[in-house]
Amino acid sequence: MSATRNGYGSRPLIAVSSCLLGEQVRFDGGHKKSSWLTGPLATCVDYRPICPEVAIGLGIPRPPIHLTGDPGRPRAVGVKDPTLDVTIPLEAFARRTAATLDAVSGYVFKSKSPSCGMERVKLYGQHGGQKKTVGIHARVVMEQLPHLPVEEEGRLNDPVLRENFVTRVYVYRRWQDFRRHRLSAKGLIDFHADHKYLVMAHNQAAYKRIGRLLSDLKGVDLRAVADRYLGELMAALSRRVSRDRHVNVLQHIMGYLKKRLPGADRQELVEAIEAYRRGEVPLIVPVFLLRHHFRHHPDPYMDGQWYLDPYPPSLGLRNNI
Ligand code: SF4
């Protein structure tokens, strides 16, 4: 397997709150079109738009709803008419929807919505709008599919979170292909080996835990181990990567080239990594140099490392972190 030779896995399908794609499904008949989702990202992924409030028959336009009651299990009721309670239909639709998301590799939710908000949704009533909770649809989907990469459109304006989400989507897509068609003990070890430096950048401790999990696969229930592996992998990749963690991984990878590169090229690499550490150049600069040198000095192990090429470069995500 190679990031360079075989592409990035099959094209991801991402579930998304319909209004973010420009569909006029909001309570007031408007939309919240995201230019990044409908522009650059749309060139690399397909979407499955979902509007839970329209799906349960609330119509367009419709009376707005908000959340009240227990922050852990809020109710969705009409703003003007609290006898309008759509909690149960929203929860039931979310459960039905989650059961159909097998082919989906990520979900982008509309922030602040009482249905779709992933976090920090206002809870009204006795707490006076001060407490925050999770939208009904988003909560149930996340409970049913705890490893699915999820993010809110507002948080995707942060370049680090945006890069993190897209990385997780592509890893999850490759995992779905592997789990469905090629699950084997050797395959699992190879899958992990190819993601070694990605996991190391995000979470060194998780990398060691996963190593122990996969250290002896003789006679184990492989499907159970695969499920545990996915949980560890996605939890590790959800962590924000600091500049220092990237530097650490870049230096590790540079170690594979040390003896093969002339002194001037080695020095140039060291300087590129240090310039990245100081925030003078983006991550793509040292990564691009490493890829360039591995093209001239191929290494079968590094050729498989998704860290160097985790998703289509046309997205330009490493130009901004
Ligand atoms: S936030 Fe969710 S429920 Fe509201 S309009 Fe968008 S997709 Fe529909």
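**Close-up views of the predicted model**

View 1. R73 is partly exposed, with a relative accessible area of 48% (buried is under 20%, exposed over 50% and partly exposed in between, with a 1.4 Å probe and protein chains only). This is a predicted model, in which local features need pLDDT of at least 70 and side-chain atom pairs pLDDT 80 or more, while totals for chains, interfaces and linings use all residues. Residues are numbered from 1 along each chain as its sequence is written, and side-chain values use heavy atoms, without hydrogens and water. The side chains of R73 and E91 form a salt bridge at 3.0 Å, N to O (a Lys or Arg side-chain nitrogen within 4 Å of an Asp or Glu carboxyl oxygen). R73 is in the loop between β3 and β4 (75-78) and E91 in helix α3 (residues 87-98), so the contact ties together parts 18 residues apart in sequence (helices, H or I of at least four residues, and strands, E of at least two, are DSSP runs numbered from the N terminus). E91 is buried, at a relative accessible area of 6%.

**View 2. E91 and R139 between two helices.** E91 also meets R139 in a salt bridge, at 2.8 Å, N to O. R139 belongs to helix α4 (residues 136-144) and E91 to helix α3, so this pair ties together parts that are 48 residues apart in sequence. Both R139 and E91 are buried.

**View 3. A salt bridge between two loops, D299 to R260.** The side chains of D299 and R260 meet at 2.8 Å, N to O. D299 sits in the loop between α12 (284-296) and α13 (300-303), and R260 in the loop between α10 (243-254) and α11 (263-277), so the pair ties together parts 39 residues apart in sequence. D299 counts as buried at 10% relative accessibility, whereas R260 counts as partly exposed at 34%. Elsewhere, salt bridges with shared partners join E119, R120, E151, R155 and R168 into one network. The whole structure holds 22 salt bridges.

**View 4. The residues around the ligand.** Around the ligand are 14 residues, of which C19, C51, K110, S113 and C116 come nearest (a residue is near a molecule if one of its heavy atoms lies within 4 Å of it). This shell is made up of 6 nonpolar, 4 polar and 4 charged residues (Ala, Val, Leu, Ile, Met, Phe, Trp, Tyr, Cys and Pro count as nonpolar, Asp, Glu, Lys and Arg as charged, and the others as polar). The ligand takes up the space of the largest pocket (more than half of its atoms lie within 2 Å of the grid points).

**View 5. The largest pocket and its lining.** The largest pocket contains about 640 Å³ of space. Its lining comprises 33 residues, with R26, S111, K112, S113 and P114 closest to the pocket centre. Two or more lining residues come from each of α2 (52-55), β3 (65-68) and β6 (121-124). By class, the lining has 14 nonpolar, 7 polar and 12 charged residues. On a 1 Å grid over the protein atoms alone, a pocket is an open set of points with protein on both sides within 12 Å along at least five of seven lines, a cavity is a set where a 1.4 Å probe fits but cannot get out, and lining residues have an atom within 4 Å of a point. Points are joined across faces, edges and corners, and a volume is the space filled by probe spheres set on them.

**View 6. The cavity.** The count comes to 1 cavity of 30 Å³ or more, and the largest cavity holds about 30 Å³ of space. Its lining consists of E163, T167, L198, H202, V241, H246, Y307 and R318. Helices α5 (159-181) and α7 (196-202) each supply at least two of the lining residues. By class, 3 are nonpolar, 3 polar and 2 charged.

View 7. K112, in the loop between β5 (106-109) and β6, has a positive phi near 70° and is not a glycine. K112 is exposed, with a relative accessible area of 67%. R120 lies in the loop between β5 and β6 and has a positive phi of about 55°, although it is not a glycine. R120 counts as partly exposed at 49% relative accessibility. The peptide bond from I60 to P61 is cis, with omega near -10°, and P61 is in the loop between α2 and β3.

**View 8. G279 and R243.** G279 is in the loop between α11 and α12 and counts as partly exposed, at 44% relative accessibility. G279 and R243 are 36 residues apart in sequence and 8.4 Å apart in space, C-alpha to C-alpha.
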